[in-house]
Amino acid sequence: MKTELYTAFQLSAIRITAAVMLLAAVIGSVLHWVLRSLMKIDPPQIGGATGDKIQQVIGNSDPSSPHFQLQGLDVTGTASQSSGIGLSYVVVTVLGILLVAGNFRHGAVMWKVLRGRGRWGLNMLGTVAVVTAAVVAVSCLITVVVTSIATALSGVGWAASASDMLLVWLRGIIALTLLAVASAAVTLATHSGPIAGVVMGIVYIIEATVTTLGTVLGWDSHAYGWLPLQSIVSAVGVSNTAAYGTMAGMLLCVGWAGLATIIGLGRVKTYNL
(Lines give C-alpha, C1' and ligand atoms only; values in the text may rest on other atoms or scores of the structure.)
Protein backbone atom coordinates (compact mmCIF):
# COMPACT_ATOMS: atom_id res chain seq x y z
CA MET A 1 0.00 0.00 0.00
CA LYS A 2 2.97 2.33 0.54
CA THR A 3 3.65 2.39 -3.19
CA GLU A 4 0.02 3.21 -3.98
CA LEU A 5 -0.05 5.99 -1.38
CA TYR A 6 3.16 7.54 -2.69
CA THR A 7 1.87 7.39 -6.27
CA ALA A 8 -1.49 8.89 -5.28
CA PHE A 9 0.02 12.01 -3.75
CA GLN A 10 2.28 12.53 -6.77
CA LEU A 11 -0.59 12.70 -9.25
CA SER A 12 -1.73 16.22 -10.12
CA ALA A 13 -5.30 15.02 -10.72
CA ILE A 14 -5.49 13.73 -7.15
CA ARG A 15 -4.09 16.96 -5.72
CA ILE A 16 -6.57 19.01 -7.74
CA THR A 17 -9.47 16.82 -6.59
CA ALA A 18 -8.33 17.15 -2.99
CA ALA A 19 -8.26 20.94 -3.38
CA VAL A 20 -11.78 20.85 -4.81
CA MET A 21 -12.88 18.89 -1.74
CA LEU A 22 -11.58 21.69 0.47
CA LEU A 23 -13.50 24.15 -1.68
CA ALA A 24 -16.62 21.99 -1.40
CA ALA A 25 -16.37 22.17 2.40
CA VAL A 26 -16.21 25.96 2.24
CA ILE A 27 -19.14 26.18 -0.18
CA GLY A 28 -21.27 23.80 1.87
CA SER A 29 -20.67 25.63 5.13
CA VAL A 30 -21.12 29.09 3.60
CA LEU A 31 -24.26 27.99 1.79
CA HIS A 32 -25.74 26.75 5.04
CA TRP A 33 -25.38 30.16 6.68
CA VAL A 34 -26.31 32.18 3.57
CA LEU A 35 -29.52 30.23 3.02
CA ARG A 36 -30.50 30.90 6.60
CA SER A 37 -30.02 34.65 6.18
CA LEU A 38 -32.17 34.61 3.04
CA MET A 39 -35.01 32.85 4.84
CA LYS A 40 -36.45 35.81 6.73
CA ILE A 41 -39.72 34.17 7.76
CA ASP A 42 -42.03 35.67 10.33
CA PRO A 43 -43.47 33.17 12.83
CA PRO A 44 -46.66 31.80 11.23
CA GLN A 45 -49.97 32.19 12.94
CA ILE A 46 -50.97 28.60 12.34
CA GLY A 47 -52.14 26.16 14.95
CA GLY A 48 -52.15 22.39 15.12
CA ALA A 49 -49.56 19.97 13.81
CA THR A 50 -48.75 22.05 10.72
CA GLY A 51 -47.99 25.11 12.82
CA ASP A 52 -45.82 23.09 15.20
CA LYS A 53 -43.84 21.68 12.28
CA ILE A 54 -43.23 25.13 10.80
CA GLN A 55 -42.22 26.47 14.20
CA GLN A 56 -39.73 23.60 14.51
CA VAL A 57 -38.20 24.45 11.13
CA ILE A 58 -37.80 28.07 12.18
CA GLY A 59 -36.30 27.02 15.49
CA ASN A 60 -33.75 24.84 13.71
CA SER A 61 -32.68 27.91 11.70
CA ASP A 62 -31.66 29.83 14.81
CA PRO A 63 -27.91 30.57 14.39
CA SER A 64 -27.42 30.55 18.15
CA SER A 65 -28.63 26.94 18.47
CA PRO A 66 -26.04 24.14 18.75
CA HIS A 67 -27.92 22.04 16.18
CA PHE A 68 -27.77 24.76 13.52
CA GLN A 69 -24.07 25.32 14.09
CA LEU A 70 -23.38 21.58 13.91
CA GLN A 71 -25.09 21.54 10.53
CA GLY A 72 -22.64 24.20 9.36
CA LEU A 73 -19.76 22.07 10.65
CA ASP A 74 -20.96 19.02 8.72
CA VAL A 75 -18.37 18.44 5.99
CA THR A 76 -20.80 16.36 3.92
CA GLY A 77 -23.12 19.34 3.47
CA THR A 78 -26.20 17.18 4.07
CA ALA A 79 -27.99 19.99 5.91
CA SER A 80 -27.85 22.25 2.84
CA GLN A 81 -29.50 19.75 0.52
CA SER A 82 -32.21 17.16 0.97
CA SER A 83 -33.08 15.49 -2.32
CA GLY A 84 -30.18 16.86 -4.38
CA ILE A 85 -26.62 15.62 -4.75
CA GLY A 86 -24.11 17.38 -2.52
CA LEU A 87 -20.86 18.64 -4.03
CA SER A 88 -18.82 16.68 -1.48
CA TYR A 89 -20.45 13.45 -2.68
CA VAL A 90 -19.38 14.14 -6.25
CA VAL A 91 -15.82 15.05 -5.25
CA VAL A 92 -15.13 11.95 -3.14
CA THR A 93 -16.68 9.82 -5.86
CA VAL A 94 -14.29 11.30 -8.42
CA LEU A 95 -11.42 10.86 -5.97
CA GLY A 96 -12.20 7.17 -5.49
CA ILE A 97 -12.47 6.59 -9.23
CA LEU A 98 -9.27 8.46 -10.11
CA LEU A 99 -7.16 6.61 -7.55
CA VAL A 100 -7.99 3.29 -9.20
CA ALA A 101 -8.65 4.19 -12.84
CA GLY A 102 -5.08 5.27 -13.56
CA ASN A 103 -3.86 1.74 -13.05
CA PHE A 104 -6.11 0.42 -15.80
CA ARG A 105 -5.55 3.39 -18.09
CA HIS A 106 -1.74 3.22 -17.97
CA GLY A 107 -1.51 -0.56 -17.82
CA ALA A 108 0.09 -0.62 -14.36
CA VAL A 109 -2.44 -3.22 -13.26
CA MET A 110 -0.86 -5.74 -15.63
CA TRP A 111 2.18 -6.18 -13.44
CA LYS A 112 0.67 -5.23 -10.11
CA VAL A 113 -1.87 -8.05 -10.18
CA LEU A 114 0.95 -10.53 -10.55
CA ARG A 115 1.52 -10.08 -6.81
CA GLY A 116 -2.00 -11.30 -6.23
CA ARG A 117 -5.21 -9.91 -7.67
CA GLY A 118 -7.16 -9.88 -4.42
CA ARG A 119 -4.28 -8.39 -2.47
CA TRP A 120 -3.77 -5.65 -5.05
CA GLY A 121 -7.47 -4.82 -5.02
CA LEU A 122 -7.52 -4.56 -1.24
CA ASN A 123 -4.41 -2.38 -1.30
CA MET A 124 -6.09 -0.01 -3.76
CA LEU A 125 -9.25 0.21 -1.67
CA GLY A 126 -7.13 0.79 1.43
CA THR A 127 -5.28 3.58 -0.36
CA VAL A 128 -8.56 5.19 -1.35
CA ALA A 129 -9.76 5.02 2.26
CA VAL A 130 -6.60 6.60 3.69
CA VAL A 131 -6.38 9.39 1.11
CA THR A 132 -10.08 10.23 1.33
CA ALA A 133 -10.11 10.23 5.13
CA ALA A 134 -7.09 12.55 5.21
CA VAL A 135 -8.60 15.00 2.71
CA VAL A 136 -11.99 15.05 4.45
CA ALA A 137 -10.34 15.53 7.86
CA VAL A 138 -8.56 18.65 6.61
CA SER A 139 -11.85 19.84 5.12
CA CYS A 140 -13.45 19.54 8.56
CA LEU A 141 -11.00 22.09 9.92
CA ILE A 142 -12.07 24.54 7.23
CA THR A 143 -15.68 24.38 8.42
CA VAL A 144 -14.51 25.64 11.82
CA VAL A 145 -13.09 28.77 10.21
CA VAL A 146 -16.27 29.41 8.23
CA THR A 147 -18.51 28.80 11.25
CA SER A 148 -16.40 31.02 13.47
CA ILE A 149 -16.66 33.89 11.00
CA ALA A 150 -20.37 33.28 10.44
CA THR A 151 -21.22 33.28 14.15
CA ALA A 152 -19.29 36.52 14.64
CA LEU A 153 -21.08 38.19 11.73
CA SER A 154 -24.43 36.94 13.06
CA GLY A 155 -23.71 38.34 16.50
CA VAL A 156 -24.07 35.00 18.28
CA GLY A 157 -21.70 32.95 20.39
CA TRP A 158 -20.30 29.50 19.75
CA ALA A 159 -22.88 27.03 21.09
CA ALA A 160 -21.86 23.66 19.65
CA SER A 161 -19.88 21.52 22.10
CA ALA A 162 -16.48 20.15 21.12
CA SER A 163 -17.60 16.56 21.68
CA ASP A 164 -20.63 16.92 19.40
CA MET A 165 -18.51 18.63 16.76
CA LEU A 166 -15.91 15.86 16.79
CA LEU A 167 -18.64 13.23 16.61
CA VAL A 168 -20.24 14.90 13.57
CA TRP A 169 -16.82 15.11 11.94
CA LEU A 170 -16.04 11.46 12.65
CA ARG A 171 -19.34 10.34 11.16
CA GLY A 172 -18.80 12.55 8.12
CA ILE A 173 -15.27 11.27 7.55
CA ILE A 174 -16.35 7.64 7.80
CA ALA A 175 -19.41 8.11 5.59
CA LEU A 176 -17.55 9.94 2.81
CA THR A 177 -14.65 7.48 3.00
CA LEU A 178 -17.05 4.57 2.54
CA LEU A 179 -18.58 6.36 -0.46
CA ALA A 180 -15.13 6.80 -2.01
CA VAL A 181 -14.32 3.13 -1.37
CA ALA A 182 -17.59 2.10 -3.03
CA SER A 183 -16.73 4.28 -6.06
CA ALA A 184 -13.27 2.74 -6.24
CA ALA A 185 -14.78 -0.75 -6.03
CA VAL A 186 -17.08 0.07 -8.95
CA THR A 187 -13.97 1.11 -10.89
CA LEU A 188 -12.35 -2.22 -10.05
CA ALA A 189 -15.47 -3.96 -11.30
CA THR A 190 -15.71 -2.03 -14.58
CA HIS A 191 -11.93 -1.83 -15.21
CA SER A 192 -12.50 1.72 -16.50
CA GLY A 193 -12.70 5.17 -14.94
CA PRO A 194 -15.14 6.66 -17.48
CA ILE A 195 -17.48 3.67 -17.25
CA ALA A 196 -17.37 3.79 -13.45
CA GLY A 197 -18.16 7.50 -13.59
CA VAL A 198 -21.18 6.85 -15.80
CA VAL A 199 -22.40 4.07 -13.52
CA MET A 200 -22.09 6.20 -10.39
CA GLY A 201 -23.69 9.16 -12.16
CA ILE A 202 -26.68 7.07 -13.18
CA VAL A 203 -27.06 5.76 -9.63
CA TYR A 204 -26.98 9.29 -8.19
CA ILE A 205 -29.45 10.65 -10.74
CA ILE A 206 -31.87 7.82 -10.08
CA GLU A 207 -31.58 8.37 -6.33
CA ALA A 208 -32.07 12.13 -6.66
CA THR A 209 -35.13 11.56 -8.82
CA VAL A 210 -36.68 9.02 -6.45
CA THR A 211 -35.97 11.19 -3.42
CA THR A 212 -37.41 14.29 -5.05
CA LEU A 213 -40.56 12.44 -6.10
CA GLY A 214 -40.90 10.98 -2.63
CA THR A 215 -40.60 14.41 -1.05
CA VAL A 216 -43.09 16.01 -3.42
CA LEU A 217 -45.59 13.16 -3.19
CA GLY A 218 -45.29 12.92 0.58
CA TRP A 219 -43.86 9.41 0.79
CA ASP A 220 -42.57 8.08 4.08
CA SER A 221 -38.84 8.89 4.11
CA HIS A 222 -38.09 5.28 5.09
CA ALA A 223 -39.17 4.27 1.57
CA TYR A 224 -36.05 5.85 0.06
CA GLY A 225 -33.85 6.54 3.10
CA TRP A 226 -31.91 3.32 2.53
CA LEU A 227 -30.44 4.57 -0.76
CA PRO A 228 -26.65 5.28 -0.78
CA LEU A 229 -26.60 9.08 -0.46
CA GLN A 230 -29.60 9.19 1.85
CA SER A 231 -27.78 6.69 4.06
CA ILE A 232 -25.02 9.27 4.49
CA VAL A 233 -27.60 11.87 5.51
CA SER A 234 -28.81 9.54 8.26
CA ALA A 235 -25.30 8.47 9.27
CA VAL A 236 -24.10 12.03 9.97
CA GLY A 237 -27.21 12.75 12.03
CA VAL A 238 -27.59 16.53 11.74
CA SER A 239 -30.01 16.85 8.83
CA ASN A 240 -33.68 17.55 9.48
CA THR A 241 -34.57 15.12 6.67
CA ALA A 242 -32.74 12.03 7.97
CA ALA A 243 -34.89 8.92 7.61
CA TYR A 244 -32.99 6.76 10.11
CA GLY A 245 -30.83 7.13 13.19
CA THR A 246 -27.07 7.56 12.96
CA MET A 247 -26.29 3.92 13.72
CA ALA A 248 -28.72 2.59 11.11
CA GLY A 249 -27.44 5.10 8.57
CA MET A 250 -23.83 4.11 9.19
CA LEU A 251 -24.67 0.42 8.86
CA LEU A 252 -26.34 1.18 5.53
CA CYS A 253 -23.19 3.00 4.37
CA VAL A 254 -21.07 0.02 5.40
CA GLY A 255 -23.47 -2.29 3.61
CA TRP A 256 -23.33 -0.38 0.31
CA ALA A 257 -19.52 -0.14 0.47
CA GLY A 258 -19.26 -3.82 1.38
CA LEU A 259 -21.49 -4.87 -1.52
CA ALA A 260 -19.47 -2.80 -3.99
CA THR A 261 -16.21 -4.20 -2.57
CA ILE A 262 -17.33 -7.81 -2.99
CA ILE A 263 -18.34 -7.17 -6.59
CA GLY A 264 -15.18 -5.19 -7.35
CA LEU A 265 -12.76 -7.74 -5.92
CA GLY A 266 -14.65 -10.52 -7.64
CA ARG A 267 -14.27 -8.77 -10.99
CA VAL A 268 -10.57 -8.07 -10.42
CA LYS A 269 -9.97 -11.81 -10.19
CA THR A 270 -11.43 -12.25 -13.67
CA TYR A 271 -9.50 -9.34 -15.23
CA ASN A 272 -7.97 -10.42 -18.55
CA LEU A 273 -4.29 -9.46 -18.69
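Which residues in α9 meet P228, L229 and Q230 in α10? Keep that in mind while you get set up. This is a predicted model, in which local features need pLDDT of at least 70, side-chain atom pairs count only at pLDDT 80 or more, and totals for chains, interfaces and linings use all residues. Residues are numbered from 1 along each chain as its sequence is written, and side-chain values use heavy atoms, with hydrogens and water left out.

**Stop 1: α9 and α10**

Select Y204, E207 and T211 in α9: these meet P228, L229 and Q230 in α10. Contact here means heavy atoms within 4.5 Å, and helices are DSSP runs (H or I, at least four residues) numbered from the N terminus. The contact is made up of three nonpolar residues, two polar and one charged.

Now show the two helices as cartoons. Their axes are 8 Å apart, and α9 and α10 pack at an angle of about 65°. Axes are lines fitted to C-alpha atoms, for helices over the stretch in contact, and angles run from 0 to 180 degrees between N-to-C directions. α9 and α10 are therefore roughly perpendicular to each other, a label for angles of 65 to 115 degrees.

Stay with two of these residues. T211, in helix α9, counts as buried at 2% relative accessibility. Buried means under 20% relative accessible area, exposed over 50%, and partly exposed in between (1.4 Å probe, protein chains only). From Q230 to T241, 11 residues along the chain, the C-alpha separation is 9.1 Å.

**Stop 2: the nonpolar core**

Next, select M21, V136, L188 and I232. Of the 56 residues in the largest nonpolar core, these touch the most other members. Such a core is a set of buried Ala, Val, Leu, Ile, Met, Phe, Trp, Tyr and Cys residues joined through side-chain atoms within 4.5 Å. Elements giving two or more residues to this core include α2 (12-38), α7 (117-154) and α8 (162-190). α8 supplies the largest share, 15 residues.

Zoom in on V136. Leaving aside neighbours within four places in sequence, V136 is in contact with M21, V75, V92, G172, I173 and L176.

**Stop 3: paired rings**

How many aromatic pairs are there? The count comes to two. Rings of Phe, Tyr and Trp (its six-membered ring) pair if their centres lie within 6.5 Å; planes under 30 degrees apart count as stacked, over 60 as edge-to-face and the rest as tilted.

Select W33 and F68, an edge-to-face pair with 4.9 Å centre to centre and 90° between the planes. W33 lies in helix α2 and F68 in helix α4, so the pair ties together parts that are 35 residues apart in sequence. Both W33 and F68 are buried.

Then pick W226 and W256. Their ring centres are 6.2 Å apart and their planes at 15°, so this pair is stacked. W226 sits in the loop between α9 and α10 and W256 in helix α11, 30 residues apart. W226 is partly exposed at 40% relative accessible area, and W256 is partly exposed at 30%.

**Last stop: H191**

Finish in the loop between α8 and α9, where you'll find H191. H191 isn't a glycine, yet has a positive phi of about 65°. At 18% relative accessibility, H191 counts as buried.

Key. Angles under 35 degrees count as roughly parallel, over 145 as roughly antiparallel, 65 to 115 as roughly perpendicular and the rest as oblique. Ala, Val, Leu, Ile, Met, Phe, Trp, Tyr, Cys and Pro count as nonpolar, Asp, Glu, Lys and Arg as charged, and the others, Gly among them, as polar.
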